[in-house]
Amino acid sequence: MLQNIRDNSQGWIAKTIIGIIVALLALTGVDAIFTSTSNSQNAAEVNGVEITSVDLSQAVEMQRRQLLQQLGRDFDASLLDEKLLREAALNGLVERTLLLSGAQDAKFAFSQQALDQLILKTPEFLVDGQFSAERFDQVIRQLGYNRLQFRQMLEQEMLIGQLRAGLSNSGFVTDAQVQAFAALEKQTRDFATLTLKADPGAVILSDDDVKAYYDAKASEFMSPEQVVLEYVELKKEAFFDQVDVTDEALETAYQSEIANLAEQRRAAHILAEVSDKLSDEQAQAKLVELQKRLEKGEDFADLAKEFSDDSGSAGEGGDLGFAGPGVYDPTFEEALYALDKNAVSAPVRSEFGWHLIKLLDVQAPEVPSFASLEEKLKRDLKTRQVEQRFVEVSKDLENAAFEASDLAQPAQELGLEVNTTEAFGREGGTEGLTANRLVIQAAFSDEVLEGGSNSSVIELDPNTVVVVRVSVHNKPEQLPLEQVTESIRAQLIKVRASEAVKVEAEEQLAALRAGKTPIAQADAKQGWDVVEAATRSQEGVEPAVLQALFRMPKPEAADKPSFDGISLSNGDYVVVRLNGVSQPQQALSDEDKAMYSRFLASRVGQQDFAAFRKQLEEAADIERF
């Protein structure tokens, strides 16, 4: 998802309203109250920066889910090596910590305003082309983040991305290197292949063979580890029927609502943006000159269309529409509210540059009747009460679950039901509670799984929290031989058939290299499959065969071909005969030269980045616990 994020802000007015829209992003759910951890154990420390056990568990779970998604739901998750997963995840966290430190030391920065733009314009967070807070919450929940965690992660990704781009984009290559690479890349080869088929039918397999394989590979034939959870669920919606709104509260809310009404002002402006091309003094001077032209009678809208740097409003003559207090930059707003209708301000400095501001119109506020607002006010008041009650009861649930040895007592105290999930493994279930990453992480934590404790409160979404405990823990057990006999038999037959044809093929290869042609009559009937002028991406040829082909040495002479062989994944064996190698004769086109140059420079840049990463690691003080 992060690769789709782009900075697509459109115009100055879009920048000014960000502060209002992204206020949604500053609101944290109940998880911000309960996700603090008392676990002081660390998985590693990098230059004094701690990587906690919680960080590592989250990274392991994320890696497991990504692998299972790539391998498919039918893949047996129990085959994943937990130790290797943890090692890879920890290495990734250490590397990330080093790179983030390197980016910060190099003074890379990513402003909060730019971060807001990224979030607001990310396609995954849009509904009908507009940012949706609900969609935003849904997506980041699936990734296992709350709002604050996601912002922090995104900012770190941008910093590391800047560092990577700064190093990777600095790579360069010479023309000689480009020519040499192109000669290899455009090289073609004349070859022929002979496929010797594996014969599973010729393999004789006894029950003792199957039993011996089963005994030797016992650790591979284990049932998956699974748990069944008990859980209590607390929903915010359950409290709406438990709160009332008094007439006095409604009246107070109504008076507060209409007291906040303010006149709307329709502004237009001409922006001179301060940039590398236009200094602060030059931007101000530009507007002073435009102000003189306005005083001579030129039209404000015409000048805005021609000279304003705000692409979002310039086409409309600088018109920003109606807006109330709190929308614009404070200095902009102060100047606007000091103007009379149709008056133009002196140049005004804001964080975006210099402005000439014109007040186009003033709109007095319309005071709605109590009746028109009653339902909205009642709903808002109840929502605030429900939110407060939900937080209070969530905290009560947290405390009760911590003190209890099961979930029956907290459920009874708070009038909740104890429910049970289906059995699921460390990869999680397919939907619902058992597919939630935070629930899976809690279920398989040492405290809950081995210690038998209730979990802390887990936020499933802003309106739902749960507490879970393990009621059944099915540990991995040896599968009986009878249950896996057929799969073992199929595997052994495939392996032995492949080994048999490989032995035969290697004997024939030795003879071919010695100048003999000992191919049996039965095999000769298959014939050699001849291919001329094959490229490195030749269609119709097995990728493994192509790789072997282009690794083979050039034949010593036209009548002395080179030979090699390779086993295919299906058990067959392919004998490869390299007849000749042809180098490109035509000069490189400008288009190809540019393409190869970009590719090689990118590869050099990646090597430079890898070297920098290694340098950071060698100089770092890294301690793994």
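I take two strands as paired if DSSP finds at least two bridges between them, and I keep in mind throughout that this is a predicted model.

**Strand β7 and its partners**

With that criterion I looked up β7 and found that ten bridges join it to strand β10 (residues 353-363), the two running antiparallel. On its pairing with strand β8 (residues 319-323), I noted four bridges, again in the antiparallel sense. I then followed Ala267 across to each partner: its bridge partner in β10 is Leu359, while in β8 its bridge partner is Gly321. I also checked burial, taking buried to mean under 20% relative accessible area; seven of the ten residues of β7 (residues 264-273) are buried, so the strand is largely enclosed by the rest of the structure.

**A four-stranded sheet**

Next I traced an open sheet of four strands, whose order I wrote down as β14-β5-β16-β15, with antiparallel pairing. At its edges stand β14 (529-534) and β15 (562-567), each having a single partner strand, so one side of each is left without a neighbour in the sheet. Neighbouring strands of this sheet are turned by 25° against each other on average, direction ignored. Looking at one pairing within the sheet, I found strand β5 (residues 188-196) joined to β14 by four bridges, antiparallel, and there Ala192 stands opposite Val530 of β14.

**The chain as a whole**

Finally I recorded the overall values: the chain has 24 helices and 17 strands, and buried residues make up 38% of its 625 residues. Among contacts with a separation of 6 or more, 73% involve residues 24 or more positions apart. The chain exposes about 35,500 Å², of which carbon and sulfur atoms supply 47%.

Definitions and conventions:
Residues are numbered from 1 along each chain as its sequence is written. This is a predicted model: local features need pLDDT of at least 70, side-chain atom pairs count only at pLDDT 80 or more; totals for chains, interfaces and linings use all residues. Side-chain values use heavy atoms; hydrogens and water are left out. Buried means under 20% relative accessible area, exposed over 50%, partly exposed in between (1.4 Å probe, protein chains only). Contact means heavy atoms within 4.5 Å. Accessible areas come from the Shrake-Rupley method with a 1.4 Å probe; for residues, only the protein chains shown count as cover. Axes are lines fitted to C-alpha atoms, for helices over the stretch in contact, and angles run from 0 to 180 degrees between N-to-C directions.
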